[in-house]
Amino acid sequence: MLQKPKGTYDIYGDKALTYLYFRKIAKALMDKYNAKFIETPIFESSELFHRGVGETTDIVSKETYDFKDRGDRNLTLRPEGTAGIVRCFIENKLYVENLPLKTWYLGPMFRYERPQAGRYREFYQFGVEAFGSNDPMMDAEIIGMACNLFKILGLKGVSVNINTLGDKESRENYRKALLDYFKPYLNDLCEDCQRRYEKNPLRILDCKVDSSNEIMKDAPKILDYLNEESKKHFDKVKEYLDAMNIDYKVNPNIVRGLDYYTHTVFEVQADIKGFGAQSTLAAGGRYDHLVEFIGGPSVPGVGFALGLERLFLALDAEKIDIREVVCPDVYIFSAGENQKTNVLALANDLRMAGFNTEVDYDSKNFKSNFKRADKVMAKYIIIIGEEEVNTKILTVKNNETKEEYKVELDKLIEFLDEKIGDEDED
Ligand code: ATP
Ligand code: MG
C-alpha cells in the first residue's frame, strides 16, 4: 500500500475540525488588528531562502527541500513564511501606499528534520509580518497578538520570553565580545558551533546541543552591550507590554542570530513537561534590514510565526477542545426511487438559501435513512414521497425532539429560518 511520506500527516476528522476552527479564530483576531491576509507560493527560488533565512541557519544549511524543475530552475519548498511575504511585499510594491502594513499568513512549511511529536517535515505555521514602523509600539503589539491568540484559545501554561539584539552597532560590539569569550573554549563546542563561531557567533547561544554546557552560563550578555538608542527601544517595548498586562520574562539567551534581526526578539514557550526541544510554540522578532537585504527599500519589519502542531499538542495537554462541529440542518430522503429529482431540487434550493443539507443517494429504506440522519447529526429530516409531491405539503421532523410539523413547500425556507436560522448566527 502507498503511504504518506515520512514526517507528514493527514488532516481529517477531528483534526480537520480543529484546524478549521483555528483558522476562523486566527482570522477573526487578525481582523481586530486590521492585519491583511497574504498567501504566497509554496515554492520559491532557492536563492530567496538562502538570502532571506540565511546560509548559517539550520533551516537553510540542513533542512530545505530543494529541487530543480524541468526548466532547470533551482526551487525550494518554503521552510518558513517570512521570506516569501517579504518577497511579495517588495515585488508588488506594497510599501508604496500601505505603510504601516500588518499582514498574516497560514499554511504548510517544509523542513527535512527528524520527525517526532511536534516536529514534522510538513507542518503548518500561522504568522504575522508587520512593515513600516520603527516604533517599539509595533514590537509590543506583535507580541500582544501572539499572547491574545493563546488567551482566546484558553491556553494557560505559556510563558513569554523576550530579549533584544540591539541595533547594528550594539550587536557588532556584542559579536566581538562573544568571539573573545568563546575563543579558548572552541574545542569544547559542537562541530556546528565551531562553524557558527566563524560565521555567526550569536547562534552559538541558540544551540540545542551545547545549551547545557557550563560555558554558556557565563557567556557575555547582550544587555551589557546595548547602546543608549537600543536600551531605550527595549525599555519602551517592556513599558508597552506592561500597559497591555502581558506577562513576560527577559531572557538574554534568546537569539535569532541572523544579520537582519534587530532589537526585540521573543519566544512563547509551553510549560509542558516532556515537550523538550519542542516547547517553543511561537517565535519572532524585529527585522529592520531584511526587506532591504532581499532587494527592497529600507522598510523595517517585525513578526512572528507559530507552529499549529505544537499549539494543538499544548491544547490537548490542557484538555482544551477547539473543534467546531458543523452538522447538516436538514437531511432529505425519498420514499421511493422515483423521487430523486425532487430530493435533489429541494436540497439545492435549501443549500442556496443557506441551510446545510445532506441527502440520501441510494434510495435506502426508512430505517437506514433515519440511522444515517442520526449519524450525520442532522437537525431536521424531510421525507419526500408521492403524497408530498402531490399535496406540496411536507412533513418536517425535528430529529432531536422527534416532533413533526406539516409545512407547505412554499413556506419551508421561512419555517427553517425560524427554527434554525437564529441559532446559527455568529
Ligand atoms: P525549533 O527550535 O523547535 O527547531 P525553530 O527555531 O526552527 O524551532 P522557527 O523557525 O522559529 O522554529 O518557527 C516558528 C515555530 O514553528 C516554532 O516555534 C514551532 O512552533 C514551529 N516549527 C518549526 N519547525 C517545526 C517542525 N519541523 N514541525 C512542527 N513545527 C515546527
Ligand atoms: Mg528548527
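This is a predicted model: local features need pLDDT of at least 70, side-chain atom pairs count only at pLDDT 80 or more; totals for chains, interfaces and linings use all residues.

Colleague: Start with β4. How many bridges join β3 to β4?
Modeller: There are 4 bridges between β3 (residues 65–68) and β4, and the two run antiparallel. Lys-68 has Asn-74 as its bridge partner in β4.

Colleague: What lies between β3 and β4?
Modeller: They form a hairpin, with 5 residues between them. Asp-72 sits in the turn and has a positive phi of about 65°.

Colleague: And β2 with β4, parallel or antiparallel?
Modeller: Antiparallel: 3 bridges join β2 (residues 43–45) to β4 (residues 74–77). There, Ser-45 is partnered with Leu-75 of β4.

Colleague: What holds paired strands together, in general?
Modeller: Backbone hydrogen bonds, in either a parallel or an antiparallel arrangement.

Colleague: New topic. What is the strand order in the open sheet of 5 strands?
Modeller: The order is β13-β12-β14-β15-β16, and the pairing is mixed.

Colleague: Which are the edge strands?
Modeller: β13 (357–359) and β16 (404–408), each pairing on one side only. On average, neighbouring strands of this sheet are turned by 25° against each other, ignoring direction.

Colleague: How do β12 and β13 run, parallel or antiparallel?
Modeller: Parallel, with 3 bridges joining β12 (residues 330–334) to β13. The partner of Ile-332 in β13 is Val-359.

Colleague: Which helix packs on that sheet?
Modeller: Helix α13 (residues 366–375). It touches β12, β13, β14 (380–384) and β15 (393–398). The direction of α13 makes about 165° with that of β12.

Methods. Residues are numbered from 1 along each chain as its sequence is written. Chains are lettered from A and ligands numbered from 1 in the order in which they are written. Side-chain values use heavy atoms; hydrogens and water are left out. Two strands pair if DSSP finds at least two bridges between them. Axes are lines fitted to C-alpha atoms, for helices over the stretch in contact, and angles run from 0 to 180 degrees between N-to-C directions. Contact means heavy atoms within 4.5 Å.
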